[in-house]
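This briefing covers an interface, its cores, selected residues and salt bridges. The sequence and structure come before the notes.

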Amino acid sequence: MSLFKVFDVAGSAMNAQSVRMNVTASNLANAGSVSGDADKVYRARHPVFATFGNALANETGVAGVRLQGVIESQAPLQVQHRPDHPDADENGNIFVSNVNTVEEMVNMISASRSYQNNVEMINTTKDLLLQTLSLGR
Amino acid sequence: MKLQPFAHFEQALQQRALRNRVLSSNIANADTPNYKARDIDFGTALANASGSQLSLAKTSELHRNAWGTSSVGADVKYRIPMQPTLDGNTVETDVEQAAFAENAVQYRATLAFLDGQIRTLRYAIKGGD
């Protein structure tokens, strides 16, 4: 029964959105973390979604979501001059992580809404399948 | 009795299921950059599917007509977005959700029609009750 494919599609999307939630949680947890070395400070991460293979080309109508990778934000680090900080470098500077808290909160809400959408989709499709099974009863 | 049960309802269900898959793919890809939302034109798709009916050859007048469906011809087209986004994604979640709900209701309606026909046939076979 072709409706079963919806579970795969919605499942792949839920998987991708949950990765997005995890990445957002990591970003928020590390917001404001500092280091005296610009290479060691935490940089915001963002997941990149893509559609499965050549799903758009075929005519089955099915297109799942796949996580293409997680990229590190290239936004500039904030430099603070705090010579008294134990991690400060020789110039007395520390680097603050480039996590944008507002952006992360928006990401969190968006991911949570998309996840809910997919759950609703699975529920509706499950109802349809169960009704199809009980045809003629 | 000219028996042609479930005519078109089978194809209608298959087209509804296909549309359900397409719309669910759209909702699933609501956050995928460069994904283009798609939909099917139900009327055209059903007409195509009904037109491609397979029938069995009859060698006797006593043979009954038999119908089979060929594979569902998908007529998937891209949706024109009302508010295109910067990342090239053309999924508008509210539009897709409305279409998904509509399609689910129509799937249920088709099921109800089918169910009615099955009940009618059973009524005729059992002679009541």
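A salt bridge is a side-chain nitrogen of Lys or Arg within 4 Å of a carboxyl oxygen of Asp or Glu. By that rule D115(B) and R119(B) form a salt bridge, with their closest N and O atoms 3.2 Å apart. The model is predicted, so local features need pLDDT of at least 70 and side-chain atom pairs count only at pLDDT 80 or more, while totals for chains, interfaces and linings use all residues. Residues are numbered from 1 along each chain as its sequence is written, chains are lettered from A and ligands numbered from 1 in the order in which they are written, and side-chain values use heavy atoms, with hydrogens and water left out.

**Interface of chain B and chain A**

- Contact means heavy atoms within 4.5 Å; in these terms 31 residues of chain B are in contact with 35 residues of chain A.
- About 2700 Å² is buried between the two chains, and carbon and sulfur atoms give 56% of that area. Buried area here is the accessible area (1.4 Å probe) that two parts lose on being put together, summed over both.
- On the chain B side, R21(B), D31(B) and R108(B) lose the most area to chain A, together 22% of what that side buries.
- The interface holds two salt bridges.
- Eight residue pairs are in polar contact across the interface, both residues being at pLDDT 80 or more. A polar contact is a pair of N or O atoms within 3.5 Å; within protein, one must be able to donate a hydrogen and the other to accept it, and residues adjacent in sequence count only if both atoms are side-chain atoms.
- Helix 1 (9-28), strand 4 (76-78) and helix 3 (93-126) of chain B are the elements that give two or more residues to the side touching chain A. Helices (H or I, at least four residues) and strands (E, at least two) are DSSP runs, numbered from the N terminus.
- Helix 3 of chain B gives the most to that side, with twelve residues.
- That side of chain B divides into 16 nonpolar, seven polar and eight charged residues. Ala, Val, Leu, Ile, Met, Phe, Trp, Tyr, Cys and Pro count as nonpolar, Asp, Glu, Lys and Arg as charged, and the others, Gly among them, as polar.

**Nonpolar cores**

- A nonpolar core is a set of buried Ala, Val, Leu, Ile, Met, Phe, Trp, Tyr and Cys residues joined through side-chain atoms within 4.5 Å. Buried means under 20% relative accessible area, exposed over 50%, and partly exposed in between (1.4 Å probe, protein chains only).
- The largest core has nine residues, among them L3(A), L128(A), L129(A), L13(B) and L111(B).
- Helix 2 (101-133) of chain A, together with helix 1 and helix 3 of chain B, are the elements that give two or more residues to this core. Helix 3 of chain B supplies the largest share, four residues.
- L111(B) touches L128(A), Q131(A), T132(A), L135(A) and L13(B), not counting residues up to four places away in sequence.
- A second, separate core of eight residues includes M14(A), L23(B), I27(B) and F100(B).

**Salt bridges**

- Over all chains, the whole structure has eight salt bridges.
- D31(B) and R20(A) meet through their side chains in a salt bridge (3.0 Å, N to O). D31(B) lies in the loop between helix 1 and strand 1 of chain B and R20(A) in helix 1 (residues 5-29) of chain A, so this pair joins two chains.
- D31(B) is partly exposed at 22% relative accessibility, whereas R20(A) is buried at 10%.
- The side chains of R19(B) and D39(B) form a salt bridge (2.9 Å, N to O). R19(B) is in helix 1 of chain B and D39(B) in strand 1 of chain B, so the pair ties together parts 20 residues apart in sequence.
- R19(B) is buried at 8% relative accessibility, and D39(B) is buried at 13%.
- A network of salt bridges links R19(B), D39(B), R79(B), E96(B) and E102(B).
- D115(B) and R119(B) are four residues apart in helix 3 of chain B, which means a separation of about one helical turn. D115(B) is buried, with a relative accessible area of 16%, while R119(B) is partly exposed at 46%.

**Selected residues**

- S114(A) is in helix 2 of chain A and is buried, with a relative accessible area of 9%. S114(A) touches Q17(A) and D31(B), not counting residues up to four places away in sequence.
- K36(B) sits in the loop between helix 1 and strand 1 (38-40) of chain B and is partly exposed at 32% relative accessible area.
- A polar atom of the K36(B) side chain lies 2.7 Å from the backbone oxygen of G88(B).
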